Amino acid sequence: MTEIKIDSLKFSRRVQKIRKLLPHPLLIILGSRLDLEQANLNSALSTYLIGYEFPNTLILIDSVCKIYSHKKRLDLLRNLENVKTIVIEKDLSNLQFVIESLSTVQNLCVVDQNKTEGILSKTIYNNLMCADVSREIQRMFLYKDEDELINCKKAGIVIEHVIKHCTELIKDNALEEDKLEEIFDMPIDGIDNENIEHSFQPEISNYSFRIGIRYNGYCAEGGRTVYSDLNVFYNAQKFILGLIRPGDNSKIVHEKVSEYLKKNDFVIDDNFLYTTGLLNEEVNFKNEFRILNGLVFVLKLTNGSSILSNTFYLDEVPIFLTPNDKFEDFLDNRPRFRDKSREFELDLRRKEHQKELLENLIDERLNYHKNKNNVSETDEIIKTTRPYEKESLIPRKGKIFVDSKNYALCIPVSSFILPIHICNIKNVVLVDETMLKFNFEFLNNKNTKFLSSIKSINIVDKGGRQIYDEIQELKARYSVSSDKDIVAQDKLIEKSNKIGLVDIFMRTDIKTAVKKRKTSTLELHENGFRFVEDKLDILFGNIKYIFFIKGDVQNKTILHFHLQNPIIVNLKKTKNVQIYQEASSNLTVNTHKRGDEHMEYIIEKEELDKQKRLNYMFETFVSKIESETSLKVQRPREGFTGVPFKESVFIQKTHECLVALHEQPFFVLSLDDIEVVNFERVVYNVKTYDVVFILKDYSISKILSIESSYMSKFKDYLDSNNIVYMETIFNIQWKNVLKKIQEDPIAFYASGGWTELLVEDNESEEAVSEEEEEEPESSSDHESEEDSGFSTVSSSFTEEEDSSYSEEEEESDEDTESSNDRRKKRRR
């Protein structure tokens, strides 16, 4: 819980304010987590004093403050001055001692006595005489200081962000409560998304919404109706704001507003003008108080299904915390049927830009192939099969000997020793515990002319099992050491003052059993990272990308390294190294039982708290990386579901990559490696389509079964990153196409390259289709077309692979839908 910091000065200052307000001691009672589900004055006071709500905690404000809580929570309060701490056992076994301690306090005051629930509060109220001072505390909360106003303003910024996106979703007929989670997760300048939560249950109808949020404990709300003439509402809002000035009486203002609303046929309820802050609704204006600067209040106007709600603070005049918009912004200016002119214009702009990008791409690739050195393919390098330079170096053990140092197997044949390099052993078969069969594979050259005639040999040895295991291990080591992709790393330069992440798990491209995973520590050094327990180093120079993804209860918190060159982990090469931690306890409870339902809530709350701590721990480490090194950490955000391998996964976008990092195998596609992209199976009545990425090395990467509704956004993403894309109604046999291109790339690009697949407008496509129906192509025309360079490849484009996408695509669609259901999240 390193992220929890208590401001000692703020605590002392606000305690003094409460002492001046109340002549008697005040007891703040915070019950169990279930009791704190609904914010009340006790939780508001706790947030006001220490910035947090600690369950099963008592705060006594007297001449000497006392805090009763669990030991771990009291450790967090060590820096508070003039505060005495008393431990409450987790099972409340010493509750009687606590009550006896409080019974010595005279004239004890409490708040929300009739609204507090739980064993702790009920036991205290049943055993102590207390006076309720809720009204006095509510009046104290009316006028906000500078620190409180900062949080109120940030809450207003979040509401402005929410109103903007909710309005867009209503116009797209897509506003649902589940979408609010996505809106809250979007980046907002100056806002930490971890501190956003609902202050009340969202109110959403067909064209209206009212949303309340709490940021760092302070509330704001906003509501709008779209496609409705709100001119009367905005005029009423202007009139009401003109009545509210410092020094006025709130009750008189409330009466004037009520009279105005009745005259203008508004539906009147008493709850249209009230203050807000630590509670969503603090004091209604009809309850008389003096209006002063620093007041934060809500004006909520309703009439039938229409609503206009905003939050303000008073600084001589009311100032908007939420958007100061106009009624014209929400009028129904669209025709009865949806106007697609905007989408059409965007599509035209994209097409024009795509033509420019294609021309540049063809010129670039043509120059690349022309300037490419015509280096003839070198003959295959024959691996040395002589493990020993001299015969005297051959070990003579009188039995089969596995020489790990020289990668050799020494076999006794009569009175001689036959040394065979490990690369010439095709495989070894353990016939039984004492017999081994060796199958050889020798290159047919002058150095191995005699040995190439030997295909296999049987050897009897008592230690057959041990020899078999040693050979298998040696073959694995040799295949790794001889891999050309493996590049030796420099030595890690260690720091004396180490910065690290502790108790994290590591995984790579190689899947391992969950039971075998072990915790590790990641340290940041001068020129790289070190996994301490795994004795693995990753140098900065070998890191291509770093990704950081915040976790939630369903997903892990992830820090992922994608490398330039593979490294060896457990005798296997990997290009991806990921560290992660998860908050889920994987416990199951029977929610049909009342007690278990309560336990489920407690476990869920603890997981949420743990997840916040994990995100903070990882984010602090990422900040250190960015501040102390030249590395930039990418944070994948918006995404879609697709099938890059065998299963449907959530694929996220960054400004440089497309990634899927939550499950193995990992998918990381760099935009710099892409030459062109093709959208396949683009048919009007098909719910999904496929995307094929043709890379610059003429390999391909695919993402299958992407929802058709995401196509426009995907095209925008590619176009904004200057990547050429095309689309076809069929699947292309890319193996044949790329083979043809590689035979003569200069001719391919000189004849127009990918031009034949570039998306044309609908009219040209219709004209081409009509022309093909009316005038069949002659054989001579066909022959001339094939001579045009790229057209030699075009026949490959027209071959469909419907059979390969029949059952597979249906399964992929089902996987996509199930994945979407699993990814629905709930914010409390």
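In this predicted model, the largest nonpolar core holds 51 residues. Ile-244, Leu-261, Leu-273 and Phe-285 touch the most other members. Two or more residues each come from helices H7 (146-171), H8 (177-185), H9 (231-243) and H10 (250-263), and from strands E9 (208-215), E12 (296-303) and E13 (306-315). H7 gives the most, with eight residues.

The surroundings of Leu-273 were examined beyond its neighbours within four places in sequence. A second core is separate and comprises 38 residues. Among them are Ile-50, Ile-137, Leu-279 and Leu-321.

Aromatic pairs number 25. Phe-529 and Phe-561 form a tilted pair, with ring centres 4.9 Å apart and 55° between the planes. This pair links distant parts of the chain. Phe-529 lies in strand E23 (residues 528-531), Phe-561 in strand E26 (residues 557-569), and the two are 32 residues apart. Both Phe-529 and Phe-561 are buried. Phe-748 and Trp-754 pair edge-to-face, at 5.1 Å centre to centre and 80° between the planes. Phe-748 and Trp-754 are likewise buried. Ring pairs also join Phe-640, Phe-679, Tyr-689, Tyr-710, Phe-714 and Tyr-725 into a cluster.

Conventions: Residues are numbered from 1 along each chain as its sequence is written. This is a predicted model: local features need pLDDT of at least 70, side-chain atom pairs count only at pLDDT 80 or more; totals for chains, interfaces and linings use all residues. Side-chain values use heavy atoms; hydrogens and water are left out. Rings of Phe, Tyr and Trp (its six-membered ring) pair if their centres lie within 6.5 Å; planes under 30 degrees apart count as stacked, over 60 as edge-to-face and the rest as tilted. Helices (H or I, at least four residues) and strands (E, at least two) are DSSP runs, numbered from the N terminus. Buried means under 20% relative accessible area, exposed over 50%, partly exposed in between (1.4 Å probe, protein chains only). A nonpolar core is a set of buried Ala, Val, Leu, Ile, Met, Phe, Trp, Tyr and Cys residues joined through side-chain atoms within 4.5 Å. Contact means heavy atoms within 4.5 Å.
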